[in-house]
Amino acid sequence: MPEAPAPAVDGWFTTDAEPQLIGARCPACGTFAFPPEVFACPNPRCESEAELERVPLSSRGRIWSFVVNHYAAPPPALSPDPFEPYAVAAVELAEERLVILGRVAEDVSFDALKIGIEMEIVVEPIIPGTDELVWKWKPVGP
Amino acid sequence: MEVEAGGTVSAGRVAIAGVGMHPWGKWGKNFVSYGVVAARTALKDAGIAWSDVQFVAGGETVRNGYPGYVAGATFAQALGWSGARVATNYAACASGAQAIDSARARILAGLCDVALVVGSDTTPMGFLAPSGGERRTDLDWLRFRLVGATNPTYFALYARRRMELYGETEADWAQVKVKNAKHGLANPNARYRKEVSADEVLASAMVSDPLRLLQICTTSDGAAAVVLTSLEYAKRHGIADPVKVAAVSTVTPTFPQTAIEMPYLSTDSAASVAPPERLFRDAIAHAALEEAGIGPEDLSLAEVYDLSTALELDWYENIGLCKEGEAARLLHDGDTTLGGRVPVNPSGGLACFGEAVPAQAIAQVCEVTWQLRGQAEGRQVANANVGLTINQGLFGHGSSVICVR
């Protein structure tokens, strides 16, 4: 029996209708981090021993850079058979000042991708047909 | 300027008494076999017996099981147990430099006179991949699983930034491959010794757009070794005027590192702390230059980690050979070609070698040593007296070694 789709990692993103990435935030110095598993505040000068809070991150950002991969990545990456080129985008969140990597969503034309355009979070299977879900970036548009 | 011919500055310096390499290629032999060849070649070059080596620093290989994890001891045993002390160093692509650093520090501390540093690898075809198994807390595993982010993916992200910020094109980067391929023609240790035209580069298959196959380095088998000694030992043993290590930088990034680094899925956040004066790669170079007491204008040559052609241009700027955005002009003006103002990768670089992770940083130092000795036949930089190596690897690793004569 096929498993129900579930996040490939727990606690890094929500899977509701308007998904969000979940990051960590230091209550003492306000630094953000993604992924949210950090052992201490990533700011080396922050002496706070308080636990970092889990917070939703901005669900939109702008492309810092992107690539289109024309060869299947080796395991443990998942690749469709036959292979289809896929895009990866590094997207900058304005408020958190984080640049976060993610695959670009299925059915997005590579021609639509440009540095600086606005992207939003979606959650999809890593590749079509797998039950592992992951966040991806999709151009904000009409 | 502290660097004088004849070595009038001796503080903090160790002698490179011998260097040796096994050629780079792809044979799938046991990594130890290549390492023994490199080690013996370096010892012979130094005129020092293996049984006189007091400390062995091995560069670890993670793809060869337990013997690779304890490479220092593996090479010591292969050469014949002598009671020497050992250490094994893993720092991703900077492993060889970290091994050099541990040997150098031991000599400078007066705990050792003679050290052997060896790195060797035998590698799989295609992309470097994590070891088998499922590790959902390992970022190096997760970046493949969640995002399909290979190493070339990261190189291509940086490359596209250069297009956006500086208007560079893949035709600009192709000239790096053309230059390095010409440099490597005369290098007996290079895996690829063949001229490559810009047309060939631009006709090669697209791998990680905007980077094509001939813009990205491969992985190779290979081994390199150096013999380091104290300056007093070198003098006592008639090693006249050796090349010296003047600086080793193995700094980690400073928070917030705002450029995305392998194999992370995110940068640091700049929301609460301003980015440092220098981002990571600049800081690696700066620390070495500062320790050696020189500036980039003092360099005779540089061996840089051309994981991609575009990354070689990043390195020109990181070292300070030119201002940000000017690297392509430096390349096209011929400044970094043999015969130019500051040849970069006279060895042929990764473009002609491919990467053998634990050996590569040591190979960079071997090349600089040959150049400073005037032994780089067919690819000699004129009047070379100061050379810099630099590289960068996963998880905050990077290194730079400065050699002088």
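User: In this predicted model, what makes a residue count as buried?

Analyst: A residue is called buried when its relative accessible area is under 20%, exposed when that area is over 50%, and partly exposed in between.

User: Why is B:Phe31 called buried?

Analyst: B:Phe31 has a relative accessible area of 2%, and the cut-off for buried is under 20%. B:Phe31 is therefore buried.

User: Is B:Phe75 buried or exposed, and how do you know?

Analyst: The relative accessibility of B:Phe75 is 1%, so B:Phe75 counts as buried.

User: How many aromatic pairs are there over all chains?

Analyst: The count is 10. One of them joins B:Phe31 and B:Phe75.

User: Why is the pair of B:Phe31 and B:Phe75 called edge-to-face?

Analyst: Two rings pair if their centres lie within 6.5 Å, and planes over 60 degrees apart count as edge-to-face. Here the centres are 5.9 Å apart and the planes stand at 75°, so the pair is edge-to-face. B:Phe31 belongs to helix H1 (residues 31–46) of chain B and B:Phe75 to helix H3 (residues 71–79) of chain B, so the pair ties together parts that are 44 residues apart in sequence.

User: What makes B:Tyr264 and B:Phe395 an edge-to-face pair?

Analyst: Their ring centres are 5.6 Å apart and their planes are at 90°, so this pair is edge-to-face. The two residues are 131 residues apart: B:Tyr264 is in the loop between strand S8 (243–249) and helix H10 (280–292) of chain B, and B:Phe395 is in the loop between strand S10 (386–393) and strand S11 (397–404) of chain B.

User: Why are B:Tyr264 and B:Phe395 called partly exposed?

Analyst: B:Tyr264 has a relative accessible area of 28% and B:Phe395 one of 37%.

User: Which residues are closest to the centre of the second largest pocket?

Analyst: The second largest pocket has a volume of about 880 Å³. Of its 33 lining residues, A:Glu37, A:Val38, B:Leu139, B:Tyr264 and B:Asp268 are the closest to the centre. The lining divides into 19 nonpolar, eight polar and six charged residues. Strand S3 (32–33) of chain A and helix H5 (139–147) of chain B each supply at least two lining residues.

User: How do you know that the charged end of B:Arg281 sits over the ring of B:Trp315?

Analyst: For Arg, the CZ atom must be within 6 Å of the ring centre and within 35 degrees of the ring normal. The charged end of B:Arg281 sits over the B:Trp315 ring, 5.6 Å from its centre. B:Arg281 also lies over the face of B:Tyr158, at 5.5 Å from the ring centre.

Note on methods: Residues numbered from 1 in each chain as written. Chains lettered and ligands numbered in written order. Predicted model: local features only at pLDDT ≥ 70, side-chain atom pairs only at ≥ 80, totals over all residues. Heavy atoms only, no water. 1 Å grid on protein atoms, 1.4 Å probe; cavity = no way out; pocket = protein on both sides within 12 Å on 5 of 7 lines; lining within 4 Å. Points joined across faces, edges and corners; volume = space filled by probe spheres on them. Helix = DSSP H or I, 4+ residues; strand = E, 2+ residues; numbered from the N terminus. Nonpolar A, V, L, I, M, F, W, Y, C, P; charged D, E, K, R; others polar. Phe/Tyr/Trp six-rings, centres within 6.5 Å; stacked < 30°, edge-to-face > 60°. Buried < 20%, exposed > 50% of the residue type's maximum accessible area, 1.4 Å probe, protein only.
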